[in-house]
Every structure is written in C-alpha cells, then in structure tokens.
Amino acid sequence: MEISSSSFSRLVSPRLFPNDKDRLFSFDNGNNNKSNRITCNKNKRNLCKLIYASAQKSMEELGLDSKVDTLLDSVKWDDKGLAVAIAQNVDTGAILMQGFANREALATTISSRRATFYSRSRSSLWTKGETSMNFINVHDVFLDCDRDSIIYLGKPDGPTCHTGSETCYYLSVNNFLKHPEVEDSSLALTTLYSLESTISQRKAEIEANGNEKPSWTKRLLLDNKLLCSKVREEADELCRTLEENEDKSRAASEMADVLYHAMVLLAVKNVKAEEVLQVLRQRFTKSGIEEKNSRK
C-alpha cells in the first residue's frame, strides 16, 4: 500500500516546513509522478525521509490490521469468546500442548510470533514461555475447516510441558490398559520418531550394559565400517528400483532400509532427525542450485 503525496504532505507540512523557502530538496513518493514530488530543506532531508518512511509503514500496518480483523471476525468463537488452540512442532509434527485462545490472544500470536493463549483460570492472556523462557516461536497459524479451532505451527525453545517433558502428551492409553501398574512416560511419536527412539534405546543399552542382548542395530552402532557399507548398499538398491523400473512397493521397501540405516548413522553422530528436518525447512525458500553453490 503506497501513501499519496497529499497524505504525506499533511504529515510534514506546515508544521515542519512552514516557509516555502525551506522546500529545496525533493524526492518522489515512488510512483515517478513529478507532480507528486515532495520537497524538503537539505538540512532536514533525513528527517523528511524518516517521516515519509514512518508514514508509509503506518499505512501498511493499517492494511495488515484490517486483514487481521477480517480473519478474527471469521473465527467461530464459542459463547465465551474462546476457541481451542493447539501448538504443533513445525519440524517433527509433534503435538506440544493444547489451550484456549480468544480474539486478543490470536491477534497477539500473529503480531508477536509467539504462541499466546487465554487462561480461563486467571482470566487473562499468557504467552507460553513467559516464565520458563521456553517460548513456542510460531511460523504459521492454521484454522480448521469449521474455523472453530486453531493450530500454532512453531518451533519450541525447550520442553513444552511444565513437568519438563518435551510435550504434554506422554501417557499412552494402550500402555496403561496393558500394564496399569506401570507408570508410563512414552511420548506420542510418529513412525519416524518411534524408530529414532528405538535406536536411541539400543545405544543406551550398549553404554549401560555392554552388548549383552544381540541385535542388528547394536552391531551397526558398534561397527562404523559395517554401518557405512550398509548405507551405501541400501542407497544403491534404491537407485536400482528406478534404473530397473521396479514397482512402487519395492522402491518404498528400499527407501525404508535407507532411512533406517541412515538414522543409525545419525545416532552414532549424535544428530537428531529434527535437526535434519530443520535444515530442510530452512532450504525451502532457496533454490537447490543456490544452496549447492553456497557450500563451495
């Protein structure tokens, strides 16, 4: 949104430049129209530009505020003015926590880029992390198809749960029904992260008890040469599914082997899958050619 010269003139004249003789330096307002050119005294050039920039920014902010208001009006708030708000990890997909948001909380989240909720017990806004400093830095906000629930898609600075857990969801109903006497603290993990967790457990068993219970994962963790040979072998077999025109199920199977062996290698290097996904996400706005050239 551009500010017109007439609007700009109202901001800088006549208070700053009451005398025509002061109007000696000129610049246009971006539309290349000489009739709309603004003139200022050279000594006051920087101030004039600063006011112009501020005025233009204010107009842009007004336009954004209008769009935000339209968005907020479209949300189906309940009879208390609230909607369910869920925080989700942008890289892992993990559901971090669930709270409630009102109009002001959602507006604050959009402007601050930090997950903000409405506390029903305190009847006030609260930003996740304002006490613990474990903020959830919001990359995007999603509304569901009915516009009555919200997702804050973001990156947490640390554990989300007040217990110190990575997420607030770590009590498995299946585990409880099978073993109600055992205190459960298993995070709700998707397939990839369940695999990573299993590999980490095997690594911890080696460090704690040696290699008492044999497993293929432990063999790979203990033998770098074997591990590297398997990563190369599985990658080659994946390529062959393309070269030899094998069916999709074969390609999926070989890719699963590549992922598994690559993740064992990451465990040896103490690299989390989340770190890899974060690198990928950061490359989304950069072309592959530019990214490769930046490594040289």
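Modeller: Buried means under 20% relative accessible area, exposed over 50%, and partly exposed in between (1.4 Å probe, protein chains only). This is a predicted model: local features need pLDDT of at least 70, side-chain atom pairs count only at pLDDT 80 or more, and totals for chains, interfaces and linings use all residues. Residues are numbered from 1 along each chain as its sequence is written, and side-chain values use heavy atoms, with hydrogens and water left out.

Colleague: Is valine 173 buried or exposed?
Modeller: Valine 173 belongs to helix α4, residues 173–178. Helices (H or I, at least four residues) and strands (E, at least two) are DSSP runs, numbered from the N terminus. Because its relative accessibility is 57%, valine 173 counts as exposed.

Colleague: Which residues form the nonpolar patch on the surface with Val173?
Modeller: A patch takes residues with over 30% relative accessible area and no salt bridge, joining like charges within 9 Å and nonpolar side chains (Val, Leu, Ile, Met, Phe, Trp, Tyr) within 5 Å. Areas are Shrake-Rupley values with a 1.4 Å probe; for residues, only the protein chains shown count as cover. The patch has about 340 Å² of accessible area together.

Colleague: Which residues have the most contacts inside the largest nonpolar core?
Modeller: A nonpolar core is a set of buried Ala, Val, Leu, Ile, Met, Phe, Trp, Tyr and Cys residues joined through side-chain atoms within 4.5 Å. The largest one has 17 residues. Elements giving it two or more residues include α2 (45–74), α3 (103–112), β7 (136–143) and β8 (149–156). The residues with the most contacts inside this core are Ile150 and Tyr152.

Colleague: Which residues form the aromatic cluster?
Modeller: Rings of Phe, Tyr and Trp (its six-membered ring) pair if their centres lie within 6.5 Å; planes under 30 degrees apart count as stacked, over 60 as edge-to-face and the rest as tilted. The structure holds two such pairs. The cluster is made of Phe117, Trp126 and Tyr152.

Colleague: How many Å separate the charged end of arginine 114 from the centre of the ring of phenylalanine 135?
Modeller: A charge sits over a ring if NZ of Lys or CZ of Arg is within 6 Å of the ring centre and within 35 degrees of the ring normal. Arginine 114 is placed this way over phenylalanine 135. The distance to the ring centre is 3.7 Å.

Colleague: What is the phi of arginine 113?
Modeller: Arginine 113 is in the loop between α3 and β5 (116–119). With a relative accessible area of 45%, arginine 113 is partly exposed. Its phi is positive although the residue is not a glycine, at about 65°.

Colleague: And where does serine 123 lie?
Modeller: Serine 123 also has a positive phi without being glycine, near 55°. Its place is the loop between β5 and β6 (124–127).

Colleague: Which residue forms a salt bridge with arginine 103?
Modeller: A salt bridge is a side-chain nitrogen of Lys or Arg within 4 Å of a carboxyl oxygen of Asp or Glu. By that rule there are 11. In this one, helix α3 is linked to helix α2 across 30 residues. The closest N and O atoms are 2.9 Å apart, and the partner of arginine 103 is aspartate 73.

Colleague: Are arginine 281 and aspartate 91 buried or exposed?
Modeller: The two side chains meet in a salt bridge at 2.7 Å, N to O. Arginine 281 is in helix α9 (residues 273–282) and aspartate 91 in the loop between β3 and β4, 190 residues apart. Both arginine 281 and aspartate 91 are buried.

Colleague: Why are aspartate 236 and arginine 240 separated by about one helical turn?
Modeller: Their side chains form a salt bridge of 3.1 Å, N to O. Aspartate 236 is partly exposed at 36%, and arginine 240 is partly exposed at 40%. The separation is about one turn because they are four residues apart in helix α7 (residues 224–243).

Colleague: How far apart are the C-alpha atoms of aspartate 148 and lysine 76?
Modeller: Aspartate 148 is in the loop between β7 and β8. It counts as partly exposed, with 35% relative accessibility. Along the chain the pair is 72 residues apart, but the C-alpha separation is 4.8 Å.
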